[in-house]
Amino acid sequence: MVARRLLPALLAGVLACAPTPSPRPGDHHGSDADLAITRLGHAGLLVTLGSTHLLVDPWFHDRLLVRQREPIGVQPSGLPAVRAVLLTDDEATRADPDALAELAPSVPLAVGPPRLRRRLAALGFRQIVTLEHWQQAAIDGVRLTAVPGRGNGYLLQAGPSTVYVAGEDADAAVATEVARAAGGIDVALVPI
């Protein structure tokens, strides 16, 4: 009896979900700036510091309940040589397993909270760095510091540039603490 009432509601919900708009074909257009940020769609970002390209929370595929309502900025095939994938959390809106599996053969490094180690290894990443809050790593001249958030946020520093990637649910007190630790932030990327 309950199933008969739920089925029409479930069917209406699935049919009401609009498909992701078709992506516009195109490749990433590089910059000669010390710092460049390309929004890929949803929470996905390509952060370029000098000549080092870092993907943050790449998300290229729709799921049944998680859908992107905009065209994706750059498809994975149009990305430059990415040095690392940074994951802020393991929620469906932050960690697209299909995108990660596609990226694993060509991206040498994945970085994320410790609870993601097994998942990243299972997806095919050969080199995995897990960071607790305030731990650091270096990637091709970029100093990476994991900062508090629901999972991890990141502070990226290279040369004169400092980028704060807040991740999910970082509050004003955390942002103030990160700014103090960084000694200044050039760009802050916060969830909306």
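Predicted model: local features only at pLDDT ≥ 70, side-chain atom pairs only at ≥ 80, totals over all residues.
Contact here means heavy atoms within 4.5 Å of each other. Residues are numbered from 1 along each chain as its sequence is written, and side-chain values use heavy atoms, with hydrogens and water left out.

**View 1. The whole chain, with its confidence scores.**
The protein chain comes to four helices and eleven strands. Both are DSSP runs numbered from the N terminus: helices are H or I with at least four residues, strands are E with at least two. Of the 192 residues, 41% are buried, where buried means under 20% relative accessible area, exposed means over 50%, and partly exposed lies in between (1.4 Å probe, protein chains only). The pLDDT, which is the predictor's confidence in each residue from 0 to 100, averages 81 for the chain, and 74% of the residues score at least 70. Residues 14-21 stay under 50, and the model has 13 contacts for them beyond four places in sequence. Residues 23-28 are also below 50, with 17 contacts beyond near neighbours in sequence.

**View 2. A six-stranded open sheet.**
Here the strands line up in the order β1-β2-β3-β4-β5-β6, with mixed pairing. Because β1 (35-41) and β6 (127-130) are at the edges with a single partner strand each, one side of each has no neighbour in the sheet. From one strand to the next, the twist averages 20 degrees; axes are lines fitted to C-alpha atoms (for helices, over the stretch in contact), and angles run from 0 to 180 degrees between N-to-C directions. As a bit of background, strands of a sheet pair through backbone hydrogen bonds, either parallel or antiparallel. Two strands count as a pair if DSSP finds at least two bridges between them.

β1 and β2 run antiparallel and are joined by six bridges.

**View 3. β4 beside β5, with V85 picked out.**
Strand β4 (residues 84-86) pairs with strand β5 (residues 109-112) in the parallel sense, over three bridges. A84 stands opposite L109 in β5. V85 belongs to strand β4, and it counts as buried because its relative accessibility is 0%. Leaving out residues up to four places away in sequence, V85 touches L55, P58, L100, L103, V107, L109, A110, V111 and F125. V85 and P58 are 27 residues apart along the chain, yet their C-alpha atoms are separated by 7.7 Å.

**View 4. D57 and its partner T88.**
D57 lies in the loop between β3 (52-56) and β4. D57 is classed as buried because its relative accessible area is 2%. Its side chain makes a polar contact with the side chain of T88 at 2.7 Å. A polar contact is a pair of N or O atoms within 3.5 Å; within protein, one must be able to donate a hydrogen and the other to accept it, and residues adjacent in sequence count only if both atoms are side-chain atoms.

**View 5. Two nonpolar cores.**
A nonpolar core is a set of buried Ala, Val, Leu, Ile, Met, Phe, Trp, Tyr and Cys residues joined through side-chain atoms within 4.5 Å. The largest one has 21 residues, and L86, V111, L144, Y154 and L156 have the most contacts inside it. Two or more residues come from each of β2 (44-49), β3, β4, β5, β7 (136-139), β8 (142-148), β9 (152-158) and β10 (161-165). V111 touches V85, L86, L87, V129, L131, I139, L144 and Y154, not counting residues up to four places away in sequence. A second, separate core of 20 residues includes F60, A95, L100 and F125.

**View 6. β10 between its partners.**
Five of the five residues in β10 are buried. S161, V163 and V165 cover one side, T162 and Y164 the other, and all are buried. β9 pairs with β10 in the antiparallel sense over five bridges, and A158 has S161 in β10 as its bridge partner. Their hairpin has two residues between the strands, with G159 taking a positive phi near 55 degrees. β10 also pairs with strand β11 (residues 187-189), this time in the parallel sense over three bridges, and V165 stands opposite L189 in β11.
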